[in-house]
Structures are given as structure tokens and as C-alpha cells.
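Below are some notes for a colleague who is opening this structure for the first time. Please keep the sequence and the structure in view while reading the numbered points.

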Amino acid sequence: EFYIMEEIKRLVYSRELRWNEIMIIAMRLFLENIKVIAAGTLVIGLPLSILLTLIQGRVLSLMELFQQVSLESITLSPQESVTLMQQMMTNNVLLMAVTVFLEPIFVIGVAKAAKWRMEGRRFSASKAFVEAMTLEPIVVKVGIVYMILFLLGTLLVIPAIYLGVVWCLYLYCIALGGRRSVDALGHSRVLVRSRWWR
């Protein structure tokens, strides 16, 4: 097993991998880190999933209410309209906040575990997720910038798609690349450049 991990490490750090190599290495690292992933899913993923389901349920209820109001031509008082809009915005912001600020703990923990396993380092599942939590202040700082710019981009659709793709690696830039500021967004863009579809 040591030699397999050494070979994987040599490949990963020597050149850009082909699709088939990525799939084989990813599956190997997934199987090697199954305990970390299972622990993270139970302790972090499951509660997050429940929280997201609750928030999404509230968003869907509000959307159904909006639809009912528009279809049945019900008139709301200005105060009711403002309250409804505030509830909708609050729930959408909560939804995005969970996705941008809490889900990264799981993603970063698994990414760190995969890297450490590949490098032959000894670690526990708790160490991977504790390290992920220590990065939370940076994730929050970068996440706020990401969230604001992404929300502004959604007004025009195309910028949101562009930003969603070029910034897709920003968490890994923080977790594995040692980026400690919003330069994680810029570094992600550099990594994606000329590799858009990949």
C-alpha cells in the first residue's frame, strides 16, 4: 500500500493528470478515506442536510404562497408584502450561508485527509475536521466576498455562471494551497484558466 500511495503522490505532483488517472486515483483515495468520510457525514453532513432541508422547505412554502397570491389575484397590504419579501430574502441568505460557510468544513476535512493519506501522514478523522474548523475564519471572510459577488452576478445570469466556474476551487486553495485571504478566489481563477470545461 505504501508503494501505491507513493506512486499516486509522484503522479499527482509531477504533471496534470488525464481523466482516467483522475478517476482511478480518486476512487483509491475515496476507499482509503472511507472512515473519515463516514465520520464527517455522520457528524457534519447529516446535521447540515437536515438544516438545509428545513430551510429549503420554508423557501418552497414561501414560493408556493407567492404563486398562490399571483394566480388568485389576492392583494396583500404593503406591510404583508414587505414581510413576505423579508422572509424570502432571509431564508435565501440562510440557505446560501449554510452552503458557503458550513459545508466547507466537511469539504476541507475530506480534502485534507485525502492529501495526508496520499503523503503517508498519520492522522485521525477528528484531526482532519478540527483543522478544517480552524480555517473557518478564512472561509467566512472569503465566503462573504464570494456570496456578495455571486449574488450580484445572478442579476445578469452569465456572470454568475462564469464566477461559479472560475471560483469552484477556492476552498481547495484555502485548504491545500495555503491561501489565507480573498486571493484564494484569484488563485482558483488562475487554476481554471485554459481548463474551463475540465
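1. A place to begin is the pair α6 and α7, where α6 passes α7 in a left-handed crossing. Please keep in mind throughout that this is a predicted model. Helix α6 covers residues 136-154 and helix α7 covers residues 158-166, and their axes, which cross at roughly 145°, come within 6 Å. On the α6 side the contact is made by Leu149, Phe150, Gly153 and Thr154, which meet Pro159, Ala160, Leu163 and Gly164 of α7. Sorted by class, the residues of this contact are 5 nonpolar and 3 polar, with no charged residues.

2. Which residues form one aromatic cluster together with Phe150? The members are Tyr146, Phe150, Trp167 and Tyr170.

3. Is Tyr146 buried or exposed? Its relative accessibility is 14%, and because buried means under 20%, Tyr146 counts as buried. When neighbours within four places in sequence are left aside, Tyr146 is in contact with Val100, Trp167, Tyr170 and Leu185. By way of contrast, Tyr146 and Phe2 are separated by 144 residues in sequence and by 39 Å in space, taken from C-alpha to C-alpha.

4. Ser188 is found in helix α9, which spans residues 183-192. With a relative accessibility of 0%, Ser188 counts as buried. Apart from neighbours within four places in sequence, the residues in contact with Ser188 are Val166, Trp167, Cys168, Leu169, Tyr170 and Cys173.

5. Which residues is Ile174 in contact with, leaving aside its neighbours within four places in sequence? They are Leu135, Ile138, Val139, Val142, Arg179, Arg180 and Ala184. His187 lies 13 residues from Ile174 along the chain, and the C-alpha atoms of the two are separated by 9.6 Å.

6. Turning to another helix pair, α4 (residues 78-118) and α5 (residues 125-134) pack with their axes 8 Å apart and at an angle of about 125°. The two helices are therefore oblique to each other, and α4 passes α5 in a right-handed crossing. In α4 the residues involved are Ile105, Phe106, Ile108, Gly109, Val110, Lys112, Ala113 and Trp116, and these meet Lys127, Ala128, Phe129, Glu131, Ala132 and Met133 in α5. The residues of this contact divide into 10 nonpolar, 1 polar and 3 charged.

7. How many aromatic pairs does a search of the whole structure find? The search finds 5. One of these is formed by Phe106 and Phe129, whose ring centres are 6.2 Å apart and whose planes stand at 10°, so the pair is stacked. This pair links distant parts of the chain, with Phe106 in helix α4 and Phe129 in helix α5, 23 residues apart. The two partners can also be described by accessibility: Phe129 is buried, with a relative accessible area of 7%, whereas Phe106, at 23% relative accessibility, counts as partly exposed.

8. Helix α4 also takes part in a contact with helix α1, which covers residues 2-14; the axes of α1 and α4 come within 8 Å and cross at roughly 115°. These two helices are therefore roughly perpendicular to each other. The contact involves Met5, Ile8, Lys9, Val12 and Tyr13 of α1, together with Lys115, Arg117 and Met118 of α4. By class, the residues of the contact are 5 nonpolar and 3 charged, with no polar ones.

9. A last point concerns a backbone angle. Most residues other than glycine have a negative phi. Ser194, which is found in the segment after α9, has a phi near 70°, a positive value in a residue other than glycine. At 67% relative accessibility, Ser194 counts as exposed.

Technical notes
Residues are numbered from 1 along each chain as its sequence is written. This is a predicted model: local features need pLDDT of at least 70, side-chain atom pairs count only at pLDDT 80 or more; totals for chains, interfaces and linings use all residues. Side-chain values use heavy atoms; hydrogens and water are left out. Axes are lines fitted to C-alpha atoms, for helices over the stretch in contact, and angles run from 0 to 180 degrees between N-to-C directions. Helices (H or I, at least four residues) and strands (E, at least two) are DSSP runs, numbered from the N terminus. Angles under 35 degrees count as roughly parallel, over 145 as roughly antiparallel, 65 to 115 as roughly perpendicular and the rest as oblique. A crossing is left-handed if the near helix is turned anticlockwise from the far one by less than a right angle, and right-handed if clockwise. Contact means heavy atoms within 4.5 Å. Ala, Val, Leu, Ile, Met, Phe, Trp, Tyr, Cys and Pro count as nonpolar, Asp, Glu, Lys and Arg as charged, and the others, Gly among them, as polar. Rings of Phe, Tyr and Trp (its six-membered ring) pair if their centres lie within 6.5 Å; planes under 30 degrees apart count as stacked, over 60 as edge-to-face and the rest as tilted. Buried means under 20% relative accessible area, exposed over 50%, partly exposed in between (1.4 Å probe, protein chains only).
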